[in-house]
Amino acid sequence: MATKQDILEALADYQVQCNDNKRLRKMQRDWSKLIHFNADDTEDKFTMNCVKGEIVSFEAGAVGAPDIIVSAKSEYLCDMFWGDLNPSQKYLQGEIRVKASQEDIVRLDAITMIIWPDA
Amino acid sequence: MEQDLKRVKETALSDFSRYLSPMKVRTIKAAGLDIIEDKREGACVWDITGKKYIDCQTGSGIMNVGRRNNEIISALKDALDKYDIGVFLLCSKPKADLAKKLAEITPGDLACTIFGVGGGEANDAAIKIARGYTMKKEIIYTQKAYHGHTGFALSAIGRESYKEPFEPLVPGFKMIPFGDIEAFKKAVTDDTAAIILEPIQGEGGINIPPDNYLPAVRKICDEHEILLIFDEIQTGFGRTGKMFASEHWGVVPDIMTVAKSLSGGLYPISATIFKQEIQDFFIPHPFIHLSTFGGSDLGCVVGMAVIDYIQKNDLSAHANAMGKRFRSGFDRLIKDFPTLLLEVRQKGLMMGLQYTNESIGPRLTKKMAERGVIAIYTGNDPSICRLMPPLVITPEEVDYVLNALEDSMKELSKEAGLGKND
(Lines give C-alpha, C1' and ligand atoms only; values in the text may rest on other atoms or scores of the structure.)
Protein backbone atom coordinates (compact mmCIF):
# COMPACT_ATOMS: atom_id res chain seq x y z
CA MET A 1 0.00 0.00 0.00
CA ALA A 2 1.26 3.50 -0.84
CA THR A 3 0.47 6.52 1.26
CA LYS A 4 -0.84 9.82 0.01
CA GLN A 5 2.66 11.28 0.49
CA ASP A 6 4.25 8.42 -1.50
CA ILE A 7 1.96 9.10 -4.42
CA LEU A 8 2.50 12.86 -4.29
CA GLU A 9 6.26 12.29 -4.41
CA ALA A 10 5.87 9.95 -7.36
CA LEU A 11 3.64 12.49 -9.08
CA ALA A 12 6.24 15.20 -8.55
CA ASP A 13 8.85 13.04 -10.26
CA TYR A 14 6.40 12.19 -13.04
CA GLN A 15 5.75 15.90 -13.60
CA VAL A 16 9.48 16.59 -13.96
CA GLN A 17 9.99 13.61 -16.29
CA CYS A 18 7.13 14.72 -18.54
CA ASN A 19 7.80 18.44 -18.55
CA ASP A 20 11.54 18.05 -19.16
CA ASN A 21 11.00 15.79 -22.14
CA LYS A 22 11.01 18.06 -25.19
CA ARG A 23 9.91 15.33 -27.54
CA LEU A 24 6.92 14.50 -25.37
CA ARG A 25 5.96 18.14 -24.92
CA LYS A 26 5.97 18.67 -28.67
CA MET A 27 4.02 15.47 -29.27
CA GLN A 28 1.36 16.34 -26.71
CA ARG A 29 1.11 20.06 -27.43
CA ASP A 30 -2.49 19.69 -28.62
CA TRP A 31 -3.54 17.75 -25.50
CA SER A 32 -5.12 19.51 -22.52
CA LYS A 33 -6.84 17.31 -19.93
CA LEU A 34 -7.87 17.30 -16.31
CA ILE A 35 -7.12 13.86 -14.91
CA HIS A 36 -8.30 12.30 -11.66
CA PHE A 37 -6.45 9.39 -10.10
CA ASN A 38 -8.34 7.29 -7.56
CA ALA A 39 -6.56 4.92 -5.17
CA ASP A 40 -9.09 2.13 -4.57
CA ASP A 41 -7.63 0.76 -1.35
CA THR A 42 -6.87 4.01 0.50
CA GLU A 43 -9.66 6.04 -1.15
CA ASP A 44 -7.17 8.85 -1.74
CA LYS A 45 -7.79 10.96 -4.81
CA PHE A 46 -5.45 13.12 -6.86
CA THR A 47 -5.89 15.67 -9.63
CA MET A 48 -3.46 16.45 -12.41
CA ASN A 49 -3.90 19.33 -14.82
CA CYS A 50 -2.23 18.95 -18.18
CA VAL A 51 -2.32 22.00 -20.45
CA LYS A 52 -0.99 21.73 -24.00
CA GLY A 53 1.21 18.83 -23.03
CA GLU A 54 2.63 20.44 -19.88
CA ILE A 55 1.68 19.17 -16.43
CA VAL A 56 0.98 22.56 -14.89
CA SER A 57 -0.21 21.27 -11.52
CA PHE A 58 -1.10 18.29 -9.40
CA GLU A 59 -2.65 18.07 -5.97
CA ALA A 60 -4.33 15.75 -3.51
CA GLY A 61 -8.11 15.55 -3.80
CA ALA A 62 -10.56 15.38 -6.69
CA VAL A 63 -10.81 18.88 -8.09
CA GLY A 64 -12.96 19.98 -11.03
CA ALA A 65 -14.73 17.93 -13.68
CA PRO A 66 -12.22 15.40 -15.05
CA ASP A 67 -11.76 14.40 -18.69
CA ILE A 68 -10.08 11.17 -17.61
CA ILE A 69 -10.41 9.04 -14.47
CA VAL A 70 -7.74 6.45 -13.67
CA SER A 71 -8.45 4.02 -10.81
CA ALA A 72 -6.13 1.42 -9.28
CA LYS A 73 -4.58 0.25 -6.02
CA SER A 74 -2.41 2.95 -4.45
CA GLU A 75 0.69 0.84 -5.01
CA TYR A 76 0.00 0.54 -8.74
CA LEU A 77 -0.53 4.28 -9.08
CA CYS A 78 2.75 4.91 -7.31
CA ASP A 79 4.64 2.37 -9.42
CA MET A 80 3.07 3.78 -12.57
CA PHE A 81 4.30 7.31 -11.80
CA TRP A 82 7.79 6.02 -11.00
CA GLY A 83 7.83 4.04 -14.27
CA ASP A 84 8.11 0.71 -12.44
CA LEU A 85 5.18 -0.99 -14.13
CA ASN A 86 3.70 -1.25 -17.58
CA PRO A 87 0.29 0.43 -17.33
CA SER A 88 -1.00 -1.26 -20.52
CA GLN A 89 -0.40 -4.66 -18.99
CA LYS A 90 -2.21 -3.76 -15.77
CA TYR A 91 -5.03 -2.18 -17.77
CA LEU A 92 -5.50 -5.42 -19.71
CA GLN A 93 -5.53 -7.37 -16.44
CA GLY A 94 -8.24 -5.09 -15.07
CA GLU A 95 -5.92 -3.86 -12.32
CA ILE A 96 -5.91 -0.34 -13.71
CA ARG A 97 -9.21 1.04 -14.95
CA VAL A 98 -9.49 4.10 -17.15
CA LYS A 99 -12.60 6.05 -17.91
CA ALA A 100 -11.69 8.03 -21.01
CA SER A 101 -12.01 8.09 -24.77
CA GLN A 102 -9.95 5.57 -26.73
CA GLU A 103 -7.79 8.43 -28.00
CA ASP A 104 -6.99 9.58 -24.47
CA ILE A 105 -6.16 6.03 -23.36
CA VAL A 106 -3.67 5.80 -26.23
CA ARG A 107 -2.26 9.22 -25.29
CA LEU A 108 -1.65 8.07 -21.72
CA ASP A 109 0.14 5.00 -23.00
CA ALA A 110 2.15 7.14 -25.43
CA ILE A 111 3.44 9.25 -22.51
CA THR A 112 4.72 6.10 -20.82
CA MET A 113 6.33 4.89 -24.02
CA ILE A 114 8.23 8.13 -24.48
CA ILE A 115 9.49 8.63 -20.94
CA TRP A 116 10.06 4.95 -20.11
CA PRO A 117 10.60 3.14 -23.44
CA ASP A 118 11.39 -0.13 -21.67
CA ALA A 119 8.40 -0.16 -19.30
CA MET B 1 14.56 -23.86 -35.39
CA GLU B 2 12.00 -22.55 -32.90
CA GLN B 3 14.57 -20.10 -31.54
CA ASP B 4 15.35 -18.94 -35.09
CA LEU B 5 11.69 -18.23 -35.78
CA LYS B 6 11.33 -16.34 -32.52
CA ARG B 7 14.35 -14.26 -33.48
CA VAL B 8 12.89 -13.54 -36.92
CA LYS B 9 9.68 -12.49 -35.23
CA GLU B 10 11.41 -10.18 -32.76
CA THR B 11 13.45 -8.60 -35.56
CA ALA B 12 10.33 -8.05 -37.66
CA LEU B 13 8.51 -6.45 -34.74
CA SER B 14 11.50 -4.32 -33.88
CA ASP B 15 11.91 -3.16 -37.49
CA PHE B 16 8.17 -2.53 -37.77
CA SER B 17 8.36 -0.46 -34.62
CA ARG B 18 11.35 1.51 -35.84
CA TYR B 19 10.42 2.02 -39.47
CA LEU B 20 6.60 1.96 -39.45
CA SER B 21 4.90 2.62 -36.13
CA PRO B 22 6.24 2.19 -32.58
CA MET B 23 2.85 2.82 -30.99
CA LYS B 24 1.12 0.28 -33.21
CA VAL B 25 3.59 -2.40 -32.15
CA ARG B 26 3.22 -1.42 -28.50
CA THR B 27 -0.57 -1.57 -28.72
CA ILE B 28 -0.80 -4.89 -30.55
CA LYS B 29 1.77 -6.42 -28.22
CA ALA B 30 -0.28 -5.35 -25.20
CA ALA B 31 -3.38 -6.90 -26.81
CA GLY B 32 -1.55 -10.19 -27.49
CA LEU B 33 -1.80 -9.59 -31.22
CA ASP B 34 1.90 -9.32 -32.03
CA ILE B 35 1.41 -11.81 -34.83
CA ILE B 36 3.72 -11.85 -37.84
CA GLU B 37 1.33 -13.05 -40.50
CA ASP B 38 2.84 -16.02 -42.32
CA LYS B 39 0.76 -18.82 -43.86
CA ARG B 40 -2.88 -17.95 -44.61
CA GLU B 41 -5.66 -20.31 -45.66
CA GLY B 42 -9.46 -20.23 -45.49
CA ALA B 43 -10.51 -18.69 -42.19
CA CYS B 44 -7.06 -19.02 -40.67
CA VAL B 45 -3.71 -17.30 -40.44
CA TRP B 46 -0.51 -18.64 -38.90
CA ASP B 47 2.00 -16.62 -36.95
CA ILE B 48 5.59 -17.03 -38.16
CA THR B 49 6.23 -19.21 -35.09
CA GLY B 50 3.54 -21.63 -36.31
CA LYS B 51 0.68 -20.68 -33.99
CA LYS B 52 -2.67 -20.88 -35.78
CA TYR B 53 -5.40 -18.25 -35.43
CA ILE B 54 -8.96 -18.10 -36.73
CA ASP B 55 -9.24 -14.64 -38.23
CA CYS B 56 -12.49 -12.99 -37.16
CA GLN B 57 -11.22 -9.51 -38.04
CA THR B 58 -10.16 -9.97 -41.68
CA GLY B 59 -9.22 -6.31 -42.14
CA SER B 60 -12.84 -5.44 -41.34
CA GLY B 61 -14.25 -7.68 -44.03
CA ILE B 62 -11.65 -8.03 -46.78
CA MET B 63 -11.56 -11.81 -46.83
CA ASN B 64 -15.14 -12.88 -47.61
CA VAL B 65 -13.88 -15.64 -49.94
CA GLY B 66 -11.29 -16.75 -47.38
CA ARG B 67 -7.61 -16.07 -47.12
CA ARG B 68 -5.62 -17.08 -50.22
CA ASN B 69 -8.58 -18.61 -51.97
CA ASN B 70 -7.13 -20.99 -54.59
CA GLU B 71 -9.63 -20.12 -57.30
CA ILE B 72 -8.94 -16.41 -56.99
CA ILE B 73 -5.17 -17.01 -56.93
CA SER B 74 -5.51 -19.07 -60.08
CA ALA B 75 -7.48 -16.29 -61.83
CA LEU B 76 -4.83 -13.75 -60.80
CA LYS B 77 -1.99 -15.98 -62.00
CA ASP B 78 -3.70 -16.43 -65.37
CA ALA B 79 -4.19 -12.67 -65.61
CA LEU B 80 -0.51 -12.07 -64.87
CA ASP B 81 0.37 -14.27 -67.83
CA LYS B 82 -1.54 -11.92 -70.07
CA TYR B 83 -2.09 -8.49 -68.52
CA ASP B 84 -0.51 -5.76 -66.44
CA ILE B 85 -2.48 -3.11 -64.60
CA GLY B 86 -3.45 -1.45 -67.86
CA VAL B 87 -3.49 2.22 -68.81
CA PHE B 88 -6.26 4.15 -67.16
CA LEU B 89 -7.01 6.25 -70.22
CA LEU B 90 -7.61 3.19 -72.40
CA CYS B 91 -10.41 0.62 -72.40
CA SER B 92 -9.97 -3.06 -71.62
CA LYS B 93 -12.10 -6.20 -71.49
CA PRO B 94 -11.51 -6.93 -67.77
CA LYS B 95 -12.73 -3.43 -66.85
CA ALA B 96 -15.80 -3.73 -69.05
CA ASP B 97 -16.56 -7.25 -67.82
CA LEU B 98 -16.42 -6.31 -64.14
CA ALA B 99 -18.45 -3.11 -64.57
CA LYS B 100 -21.12 -5.12 -66.42
CA LYS B 101 -21.10 -7.76 -63.70
CA LEU B 102 -21.48 -5.13 -60.97
CA ALA B 103 -24.47 -3.68 -62.83
CA GLU B 104 -26.02 -7.16 -62.88
CA ILE B 105 -25.54 -8.03 -59.23
CA THR B 106 -26.21 -4.68 -57.55
CA PRO B 107 -29.82 -3.93 -56.66
CA GLY B 108 -32.28 -2.00 -58.81
CA ASP B 109 -31.06 0.18 -61.62
CA LEU B 110 -27.49 0.79 -60.53
CA ALA B 111 -25.69 0.59 -63.84
CA CYS B 112 -22.43 2.52 -64.22
CA THR B 113 -19.10 2.26 -62.44
CA ILE B 114 -16.02 4.27 -61.61
CA PHE B 115 -13.20 2.10 -60.32
CA GLY B 116 -10.76 3.01 -57.60
CA VAL B 117 -8.16 1.33 -55.41
CA GLY B 118 -9.58 1.61 -51.90
CA GLY B 119 -12.79 2.35 -50.03
CA GLY B 120 -11.98 5.96 -49.15
CA GLU B 121 -11.31 6.69 -52.81
CA ALA B 122 -14.65 5.09 -53.75
CA ASN B 123 -16.47 7.31 -51.25
CA ASP B 124 -14.56 10.39 -52.42
CA ALA B 125 -15.80 9.63 -55.93
CA ALA B 126 -19.38 9.12 -54.69
CA ILE B 127 -19.44 12.49 -52.94
CA LYS B 128 -17.87 14.25 -55.91
CA ILE B 129 -20.44 12.71 -58.22
CA ALA B 130 -23.27 13.77 -55.89
CA ARG B 131 -22.09 17.38 -55.86
CA GLY B 132 -21.33 17.45 -59.56
CA TYR B 133 -24.59 15.86 -60.65
CA THR B 134 -26.95 17.74 -58.33
CA MET B 135 -24.99 21.03 -58.41
CA LYS B 136 -25.73 21.26 -54.69
CA LYS B 137 -23.14 21.35 -51.93
CA GLU B 138 -24.34 19.87 -48.64
CA ILE B 139 -23.52 16.30 -47.69
CA ILE B 140 -25.26 14.70 -44.72
CA TYR B 141 -23.51 11.91 -42.81
CA THR B 142 -24.09 10.12 -39.52
CA GLN B 143 -22.56 9.92 -36.05
CA LYS B 144 -20.11 7.02 -35.68
CA ALA B 145 -20.00 6.64 -39.48
CA TYR B 146 -16.82 5.39 -41.09
CA HIS B 147 -16.12 6.05 -44.77
CA GLY B 148 -12.33 6.14 -45.01
CA HIS B 149 -9.47 8.53 -44.33
CA THR B 150 -9.18 10.33 -47.68
CA GLY B 151 -10.35 13.91 -48.39
CA PHE B 152 -14.11 13.91 -48.92
CA ALA B 153 -14.57 10.62 -47.09
CA LEU B 154 -12.73 11.91 -44.03
CA SER B 155 -15.13 14.83 -43.85
CA ALA B 156 -17.96 12.29 -43.59
CA ILE B 157 -16.48 10.28 -40.71
CA GLY B 158 -18.59 10.50 -37.57
CA ARG B 159 -15.68 10.54 -35.18
CA GLU B 160 -14.06 13.86 -34.41
CA SER B 161 -10.70 12.50 -33.29
CA TYR B 162 -9.97 11.24 -36.82
CA LYS B 163 -10.61 14.70 -38.20
CA GLU B 164 -9.57 17.41 -35.73
CA PRO B 165 -5.80 17.42 -36.41
CA PHE B 166 -6.43 17.92 -40.12
CA GLU B 167 -8.95 20.75 -40.06
CA PRO B 168 -10.11 22.65 -41.99
CA LEU B 169 -11.73 19.78 -43.86
CA VAL B 170 -14.01 19.90 -46.89
CA PRO B 171 -16.82 22.33 -46.03
CA GLY B 172 -20.54 21.62 -46.37
CA PHE B 173 -20.76 18.43 -44.31
CA LYS B 174 -23.49 18.00 -41.70
CA MET B 175 -23.65 15.21 -39.10
CA ILE B 176 -26.89 13.65 -37.80
CA PRO B 177 -27.58 10.66 -35.50
CA PHE B 178 -27.74 7.30 -37.28
CA GLY B 179 -31.21 5.74 -37.36
CA ASP B 180 -33.00 9.02 -36.59
CA ILE B 181 -35.32 9.92 -39.43
CA GLU B 182 -36.55 13.14 -37.81
CA ALA B 183 -32.97 14.39 -37.57
CA PHE B 184 -32.54 13.72 -41.28
CA LYS B 185 -35.73 15.63 -42.12
CA LYS B 186 -34.52 18.61 -40.08
CA ALA B 187 -31.06 18.57 -41.68
CA VAL B 188 -32.33 18.74 -45.27
CA THR B 189 -32.10 22.10 -47.05
CA ASP B 190 -32.49 23.23 -50.64
CA ASP B 191 -28.72 22.80 -51.01
CA THR B 192 -28.53 19.16 -49.81
CA ALA B 193 -26.81 17.05 -52.46
CA ALA B 194 -26.68 13.66 -50.76
CA ILE B 195 -26.77 11.60 -47.63
CA ILE B 196 -24.07 8.97 -47.21
CA LEU B 197 -24.79 5.95 -44.99
CA GLU B 198 -23.53 2.51 -44.18
CA PRO B 199 -26.69 0.34 -44.19
CA ILE B 200 -25.18 -1.26 -41.07
CA GLN B 201 -22.46 0.74 -39.31
CA GLY B 202 -19.31 -1.34 -39.00
CA GLU B 203 -16.60 0.67 -37.24
CA GLY B 204 -19.35 2.40 -35.25
CA GLY B 205 -20.15 -0.90 -33.52
CA ILE B 206 -22.33 -3.04 -35.84
CA ASN B 207 -25.27 -0.67 -35.53
CA ILE B 208 -28.34 -2.02 -37.32
CA PRO B 209 -30.94 0.67 -38.06
CA PRO B 210 -34.64 0.31 -37.23
CA ASP B 211 -36.48 -1.48 -40.06
CA ASN B 212 -38.30 1.66 -41.18
CA TYR B 213 -35.17 3.82 -41.32
CA LEU B 214 -33.65 3.15 -44.74
CA PRO B 215 -37.03 3.10 -46.57
CA ALA B 216 -37.90 6.42 -44.90
CA VAL B 217 -34.52 7.89 -45.89
CA ARG B 218 -35.16 6.79 -49.49
CA LYS B 219 -38.58 8.48 -49.45
CA ILE B 220 -37.18 11.78 -48.16
CA CYS B 221 -34.39 11.66 -50.73
CA ASP B 222 -36.95 11.21 -53.50
CA GLU B 223 -39.11 14.04 -52.21
CA HIS B 224 -36.19 16.49 -52.08
CA GLU B 225 -34.12 15.24 -55.02
CA ILE B 226 -31.27 14.22 -52.74
CA LEU B 227 -28.97 11.40 -53.77
CA LEU B 228 -28.76 8.40 -51.47
CA ILE B 229 -25.26 6.93 -51.18
CA PHE B 230 -24.84 3.53 -49.55
CA ASP B 231 -21.35 2.62 -48.41
CA GLU B 232 -21.41 -1.19 -48.68
CA ILE B 233 -17.65 -1.51 -48.30
CA GLN B 234 -17.90 -3.70 -45.19
CA THR B 235 -21.44 -5.01 -45.69
CA GLY B 236 -21.23 -6.05 -49.35
CA PHE B 237 -20.65 -9.33 -51.14
CA GLY B 238 -22.62 -11.72 -48.96
CA ARG B 239 -21.36 -10.54 -45.58
CA THR B 240 -24.83 -9.98 -44.09
CA GLY B 241 -26.54 -12.98 -45.69
CA LYS B 242 -27.54 -11.13 -48.83
CA MET B 243 -25.28 -9.95 -51.64
CA PHE B 244 -25.71 -6.36 -50.33
CA ALA B 245 -27.02 -5.33 -46.92
CA SER B 246 -29.42 -2.76 -48.36
CA GLU B 247 -31.38 -5.68 -49.88
CA HIS B 248 -32.58 -6.60 -46.37
CA TRP B 249 -34.72 -3.47 -46.49
CA GLY B 250 -35.44 -3.45 -50.24
CA VAL B 251 -33.92 0.00 -50.63
CA VAL B 252 -32.00 0.91 -53.78
CA PRO B 253 -29.47 3.76 -53.44
CA ASP B 254 -28.52 6.17 -56.21
CA ILE B 255 -24.84 5.47 -55.63
CA MET B 256 -23.22 2.46 -53.97
CA THR B 257 -19.60 2.03 -53.00
CA VAL B 258 -17.83 -1.31 -52.65
CA ALA B 259 -14.22 -2.29 -51.95
CA LYS B 260 -12.60 -4.58 -49.37
CA SER B 261 -13.80 -8.09 -50.25
CA LEU B 262 -14.05 -7.30 -53.99
CA SER B 263 -10.26 -7.59 -53.78
CA GLY B 264 -10.39 -11.21 -52.64
CA GLY B 265 -7.66 -10.13 -50.23
CA LEU B 266 -5.30 -10.43 -53.18
CA TYR B 267 -5.45 -7.32 -55.35
CA PRO B 268 -6.80 -3.93 -54.24
CA ILE B 269 -9.84 -2.61 -56.09
CA SER B 270 -12.91 -0.54 -55.28
CA ALA B 271 -15.93 0.64 -57.22
CA THR B 272 -18.45 3.46 -57.14
CA ILE B 273 -21.60 2.27 -58.87
CA PHE B 274 -24.36 4.68 -59.82
CA LYS B 275 -27.61 4.99 -61.72
CA GLN B 276 -27.63 5.53 -65.47
CA GLU B 277 -29.04 9.05 -65.32
CA ILE B 278 -26.09 10.18 -63.15
CA GLN B 279 -23.80 9.24 -66.06
CA ASP B 280 -25.06 12.45 -67.67
CA PHE B 281 -22.72 14.38 -65.40
CA PHE B 282 -19.72 12.67 -67.00
CA ILE B 283 -20.81 13.07 -70.61
CA PRO B 284 -19.54 16.66 -70.94
CA HIS B 285 -16.41 15.90 -68.88
CA PRO B 286 -15.42 12.23 -69.14
CA PHE B 287 -11.93 12.79 -67.69
CA ILE B 288 -12.91 14.77 -64.60
CA HIS B 289 -12.27 11.94 -62.13
CA LEU B 290 -9.33 9.64 -62.89
CA SER B 291 -7.42 7.03 -60.94
CA THR B 292 -4.08 5.71 -62.21
CA PHE B 293 -4.34 2.37 -60.46
CA GLY B 294 -8.11 2.24 -59.98
CA GLY B 295 -9.76 -0.63 -61.81
CA SER B 296 -6.48 -2.13 -62.89
CA ASP B 297 -6.96 -5.04 -65.26
CA LEU B 298 -5.48 -7.42 -62.70
CA GLY B 299 -7.83 -6.14 -60.02
CA CYS B 300 -10.83 -6.43 -62.34
CA VAL B 301 -10.00 -10.07 -63.11
CA VAL B 302 -9.77 -10.73 -59.37
CA GLY B 303 -13.07 -8.90 -58.75
CA MET B 304 -14.81 -11.04 -61.36
CA ALA B 305 -13.40 -14.21 -59.84
CA VAL B 306 -14.53 -13.12 -56.36
CA ILE B 307 -18.09 -12.47 -57.49
CA ASP B 308 -18.19 -15.76 -59.41
CA TYR B 309 -16.94 -17.62 -56.34
CA ILE B 310 -19.51 -15.98 -54.03
CA GLN B 311 -22.35 -16.77 -56.43
CA LYS B 312 -21.23 -20.31 -57.32
CA ASN B 313 -20.82 -21.29 -53.67
CA ASP B 314 -23.81 -19.27 -52.44
CA LEU B 315 -21.72 -17.68 -49.71
CA SER B 316 -24.66 -15.46 -48.71
CA ALA B 317 -26.62 -18.57 -47.68
CA HIS B 318 -23.56 -19.97 -45.92
CA ALA B 319 -23.13 -16.65 -44.07
CA ASN B 320 -26.72 -16.97 -42.87
CA ALA B 321 -26.24 -20.57 -41.74
CA MET B 322 -22.99 -19.86 -39.91
CA GLY B 323 -24.50 -16.67 -38.50
CA LYS B 324 -27.29 -18.74 -36.96
CA ARG B 325 -24.77 -21.15 -35.50
CA PHE B 326 -22.89 -18.24 -33.93
CA ARG B 327 -26.17 -16.79 -32.68
CA SER B 328 -27.19 -19.88 -30.73
CA GLY B 329 -23.78 -19.81 -29.02
CA PHE B 330 -24.05 -16.08 -28.27
CA ASP B 331 -27.49 -16.62 -26.73
CA ARG B 332 -25.97 -19.16 -24.34
CA LEU B 333 -23.15 -16.77 -23.46
CA ILE B 334 -25.56 -13.91 -22.74
CA LYS B 335 -27.38 -16.22 -20.32
CA ASP B 336 -24.19 -17.54 -18.68
CA PHE B 337 -22.27 -14.24 -18.49
CA PRO B 338 -24.79 -11.44 -17.97
CA THR B 339 -22.18 -9.30 -16.22
CA LEU B 340 -19.99 -9.39 -19.33
CA LEU B 341 -22.18 -9.64 -22.40
CA LEU B 342 -25.11 -7.29 -22.80
CA GLU B 343 -26.42 -7.94 -26.32
CA VAL B 344 -25.54 -9.21 -29.78
CA ARG B 345 -26.14 -7.20 -32.96
CA GLN B 346 -25.95 -9.34 -36.06
CA LYS B 347 -26.85 -9.79 -39.70
CA GLY B 348 -25.33 -12.94 -41.17
CA LEU B 349 -21.62 -12.88 -40.41
CA MET B 350 -21.49 -9.19 -39.52
CA MET B 351 -21.60 -9.50 -35.77
CA GLY B 352 -21.10 -7.18 -32.82
CA LEU B 353 -20.88 -8.24 -29.20
CA GLN B 354 -21.89 -5.44 -26.87
CA TYR B 355 -20.04 -5.89 -23.59
CA THR B 356 -21.19 -4.40 -20.33
CA ASN B 357 -18.20 -2.12 -19.95
CA GLU B 358 -15.38 -0.56 -21.92
CA SER B 359 -12.55 -2.41 -20.23
CA ILE B 360 -13.87 -5.78 -21.43
CA GLY B 361 -13.14 -5.30 -25.16
CA PRO B 362 -9.35 -4.97 -24.85
CA ARG B 363 -9.15 -7.70 -22.20
CA LEU B 364 -11.20 -10.21 -24.17
CA THR B 365 -9.21 -9.41 -27.31
CA LYS B 366 -6.07 -10.52 -25.45
CA LYS B 367 -7.66 -13.67 -24.03
CA MET B 368 -9.07 -14.65 -27.43
CA ALA B 369 -5.64 -14.16 -29.01
CA GLU B 370 -4.15 -16.48 -26.39
CA ARG B 371 -6.71 -19.07 -27.51
CA GLY B 372 -5.95 -18.64 -31.20
CA VAL B 373 -8.76 -16.32 -32.28
CA ILE B 374 -8.33 -12.80 -33.66
CA ALA B 375 -11.37 -10.89 -32.41
CA ILE B 376 -10.86 -7.17 -31.89
CA TYR B 377 -12.96 -4.44 -30.29
CA THR B 378 -14.07 -1.64 -32.60
CA GLY B 379 -12.06 1.55 -32.96
CA ASN B 380 -15.05 3.70 -32.10
CA ASP B 381 -16.05 1.81 -28.95
CA PRO B 382 -13.96 -0.66 -26.92
CA SER B 383 -17.12 -2.07 -25.32
CA ILE B 384 -18.00 -3.68 -28.66
CA CYS B 385 -16.26 -6.60 -30.31
CA ARG B 386 -16.66 -6.77 -34.07
CA LEU B 387 -16.61 -10.28 -35.53
CA MET B 388 -16.34 -10.52 -39.31
CA PRO B 389 -14.81 -13.92 -40.14
CA PRO B 390 -14.37 -15.10 -43.72
CA LEU B 391 -17.69 -16.29 -45.17
CA VAL B 392 -16.06 -19.67 -45.86
CA ILE B 393 -15.73 -20.35 -42.13
CA THR B 394 -16.70 -23.95 -41.29
CA PRO B 395 -19.12 -25.13 -38.57
CA GLU B 396 -16.17 -26.59 -36.66
CA GLU B 397 -14.36 -23.25 -36.76
CA VAL B 398 -17.50 -21.45 -35.56
CA ASP B 399 -17.66 -23.86 -32.61
CA TYR B 400 -13.97 -23.28 -31.89
CA VAL B 401 -14.52 -19.50 -31.75
CA LEU B 402 -17.54 -19.95 -29.46
CA ASN B 403 -15.59 -22.24 -27.13
CA ALA B 404 -12.73 -19.74 -27.03
CA LEU B 405 -15.19 -16.99 -26.15
CA GLU B 406 -16.74 -19.08 -23.40
CA ASP B 407 -13.33 -19.97 -21.90
CA SER B 408 -12.18 -16.35 -22.15
CA MET B 409 -15.32 -15.10 -20.44
CA LYS B 410 -15.01 -17.72 -17.70
CA GLU B 411 -11.47 -16.57 -17.00
CA LEU B 412 -12.35 -12.89 -17.24
CA SER B 413 -15.29 -13.21 -14.86
CA LYS B 414 -12.85 -14.25 -12.11
CA GLU B 415 -10.63 -11.20 -12.60
CA ALA B 416 -10.58 -7.70 -11.13
CA GLY B 417 -12.22 -4.60 -12.46
CA LEU B 418 -15.52 -5.96 -13.74
CA GLY B 419 -18.90 -4.41 -13.38
CA LYS B 420 -17.25 -1.01 -13.11
CA ASN B 421 -16.57 1.51 -15.76
CA ASP B 422 -14.51 3.83 -13.69
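Analyst: Buried means under 20% relative accessible area, exposed means over 50%, and partly exposed lies in between (1.4 Å probe, protein chains only). This is a predicted model, in which local features need pLDDT of at least 70 and side-chain atom pairs count only at pLDDT 80 or more, while totals for chains, interfaces and linings use all residues. Side-chain values use heavy atoms, with hydrogens and water left out.

User: What makes Glu103(A) and Arg159(B) a salt bridge?

Analyst: A salt bridge needs a side-chain nitrogen of Lys or Arg within 4 Å of a carboxyl oxygen of Asp or Glu; here the N to O distance is 2.1 Å, so the pair qualifies. The pair crosses between chains, from helix α5 of chain A to the loop between α7 (151-155) and α8 (160-163) of chain B. Arg159(B), at 12% relative accessibility, counts as buried.

User: Why is the pair of Lys33(A) and Asp104(A) said to tie together separate parts of chain A?

Analyst: The closest N and O atoms of Lys33(A) and Asp104(A) are 3.5 Å apart, and the two form a salt bridge. Lys33(A) lies in strand β1 (residues 33-39) and Asp104(A) in helix α5, so the pair joins parts that are 71 residues apart in sequence. Asp104(A) has 7% relative accessibility and therefore counts as buried.

Terms used: Residues are numbered from 1 along each chain as its sequence is written. Chains are lettered from A and ligands numbered from 1 in the order in which they are written. Helices (H or I, at least four residues) and strands (E, at least two) are DSSP runs, numbered from the N terminus.
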